[in-house]
Amino acid sequence: MAAAAALLLTGGAVVVAPSATAASHPSCDLDFRDHVVEISGSNVRLRSKPSGNSTVLRLLQKGADVTVYCQKDAGEANWWYYVKHNASGVKGWVWWAYA
């Protein structure tokens, strides 16, 4: 669970703190038990599916709080994270890369 200690969301690190319950997604490979994180990158794309070709639901700005529910393995040490943007309640997928 090293990824939970230092997540990177499209160009920036996030701070991880566990919370009480989980709302996983059927596409996920690993449950993170609702980690609340702060995005440190700008214009991080929240997508409808775990794919770079899927619809962008929202752009997340630096400092935005999201709840990370789980991860989907995309191979070669790359992941998609299923999250909720806490301010709007919008749920979707965020690409993790650039470790």
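Some ground rules: the model is predicted, so local features need pLDDT of at least 70 and side-chain atom pairs count only at pLDDT 80 or more, while totals for chains, interfaces and linings use all residues. Numbering starts from 1 along each chain as its sequence is written, and side-chain values use heavy atoms, with hydrogens and water left out.

**The chain as a whole**

Helices (H or I, at least four residues) and strands (E, at least two) are DSSP runs, numbered from the N terminus. Of the 99 residues, 38% are buried; that label means under 20% relative accessible area, with exposed over 50% and partly exposed in between (1.4 Å probe, protein chains only). The chain exposes about 5,100 Å², and carbon and sulfur atoms supply 50% of that. Accessible areas come from the Shrake-Rupley method with a 1.4 Å probe; for residues, only the protein chains shown count as cover. As for contacts (heavy atoms within 4.5 Å), 50% of those with a separation of 6 or more are between residues 24 or more positions apart.

**β5 and its partners**

Strand β5 pairs with both β2 and β6. Two strands pair if DSSP finds at least two bridges between them.

| Pair | Sense | Bridges | Residues standing opposite |
|---|---|---|---|
| β2 (residues 30-38) and β5 (residues 65-73) | antiparallel | six bridges | Val37 and Val66 |
| β5 and β6 (residues 79-85) | antiparallel | seven bridges | Lys72 and Trp80 |

β5 and β6 also make a hairpin, with five residues between them. Gly75 sits in that turn and has a positive phi of about 85°.

**His85**

His85 belongs to β6. It counts as buried because its relative accessibility is 10%. Its side chain makes a polar contact of 3.2 Å with the side chain of Arg58. A polar contact is a pair of N or O atoms within 3.5 Å; within protein, one must be able to donate a hydrogen and the other to accept it, and residues adjacent in sequence count only if both atoms are side-chain atoms. Setting aside neighbours within four places in sequence, His85 touches Leu46, Arg58, Leu60, Ala64, Asp65, Val66 and Val90.

**Ser40**

Over in the loop between β2 and β3 (44-47) is Ser40. Ser40 is partly exposed because its relative accessible area is 27%. Its C-alpha atom is 9.6 Å from that of Leu60, 20 residues away along the chain.
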